[in-house]
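Here are my notes on the structure shown below, as numbered points for a first reading.

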Amino acid sequence: MVNKLSDLAEFLDNDSLPRWLKDQLRENQEAIFRAIEHGEEFTITGPDGQKLKITPKVVAA
Amino acid sequence: MIALSLSILFALYILIPYALFRFLLGLFVPLRVFEERRTEDLTRAVVTLAILYGIALALVWYFPGFKHHPLCFADSPSLRTYDYETVMGSLYSETTFKENSIPFWGALVRTAERQGRLLCWYYLLVLGAGLAAGVGCKRYGRFKHIKIFAILADLYLMPHISQWYVILTAFAFPDSRTVVRADVLMVDGTLYHGDVADHYLNKDGNLSGLFLANPTRFDRRALMREREAWGSNRSASKYWRTIPSAKLYLVADKIVNLNLHYESPTPTATGVSKYLETLMPSPQKKAGRKTFSISISLES
């Protein structure tokens, strides 16, 4: 049971990505993980032409 | 007489300020129905008001601007003690009242003026707290990452705000353009999909209805018919039918369940990162290791 507003907000926020982005992430998951592993940038293009760049930061084992 | 006086004091110092706080907060967000029997809520309300009362008392006692305004008159500690003794004694005993009936009325007026001055600042503080809480509610999504704000919100906002407002609006999101999409299953088995445009609560604070914008209905009958007739394996997404209305109102009594999905137009690195974690290959997931950290940038 969620008793704190902050917990409820986090719970709702956890899964708040646009559907197109989720679909793209799911479809390209292997390529994205590969790119992250090699320290490369991966770009996703949205339905309205918006571009989302995923850039790996410090890789921690 | 004492009981009547205590009732008046209880109304002036607890009930009215609490109602004022909720009225002001209610101008910003829909409120949860107050549960008088919940000891936790009552304690929190009394403790909060006691803090504000303490501040008002300190202002009136120690700060010149507040000490004499409003209702200014020549006062002294000894006169104050005399007035309180006279008023309390007369309220307690009818004999004392008859003996001190003339000084009683003078003492009562001065006591009322003192309390009126204190109440004035006390109510202003309560209104200020209500206003701050209201603004905090409106900016919750933006400020929720600030630790002290989150703690105060947990303590003071959660008990007041309607849980439906938190769940069915963009309240919890930094971007107010966040859309709440809902799949609504009705008691007759019909499934609707749409953006939550508005919601209504009944007097008990429960959901009474829901407005869906851009509504679509899942044509389950056609799906079953086609599957039975020719073993069709068309994607289920082909069976969503647009409802030709701007907004569809659904009565809450007929709703079996709600499947909600929040779509923020500005995804965050944390959100993307968390979603990628759910897609992470199982050996890494089982090991409980997060092997990446990302940043994102969105270009239109």
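**Notes on chains A and B**

1. Chain A contains three helices and two strands, where helices (H or I, at least four residues) and strands (E, at least two) are DSSP runs, numbered from the N terminus. Read from the N terminus, its elements follow the order α-α-α-β-β.

2. This is a predicted model, in which local features need pLDDT of at least 70 and side-chain atom pairs count only at pLDDT 80 or more, while totals for chains, interfaces and linings use all residues. Residues are numbered from 1 along each chain as its sequence is written, and chains are lettered from A and ligands numbered from 1 in the order in which they are written.

3. Of the 61 residues in chain A, 25% are buried. A residue is buried if 20 or more other C-beta atoms lie within 10 Å of its own, exposed if 12 or fewer, and partly exposed in between, with C-beta atoms placed from the backbone.

4. In helix 1 of chain A (residues 5–13), the buried residues are Leu5(A), Ser6(A), Ala9(A), Leu12(A) and Asp13(A). Seen down the helix axis, they fall within an arc of 130°, so they line one face of the helix; the arc is that of the directions from the helix axis to the C-beta atoms. The buried residues of this helix pack against helix 8 and strand 6 of chain B.

5. The contact between the chains takes 31 residues from chain A and 31 residues from chain B, two residues being in contact if their C-beta atoms, placed from the backbone, lie within 7 Å. On chain B, helix 8 (147–157), strand 6 (255–263), helix 11 (269–279) and strand 7 (294–299) each supply at least two residues of the side that touches chain A.

6. Chain B is divided into domain 1 (2–157) and domain 2 (163–266); these bounds come from an automatic or database domain assignment. The C-alpha centres of the two domains lie 46 Å apart. Their contact takes seven residues from domain 1 and 10 residues from domain 2.

7. Within chain B, helix 1 (residues 2–26) and helix 2 (residues 39–62) pack at an angle of about 100°, with their axes 10 Å apart. Axes are lines fitted to C-alpha atoms, for helices over the stretch in contact, and angles run from 0 to 180 degrees between N-to-C directions. Helix 1 of chain B is therefore roughly perpendicular to helix 2 of chain B (angles under 35 degrees count as roughly parallel, over 145 as roughly antiparallel, 65 to 115 as roughly perpendicular and the rest as oblique).
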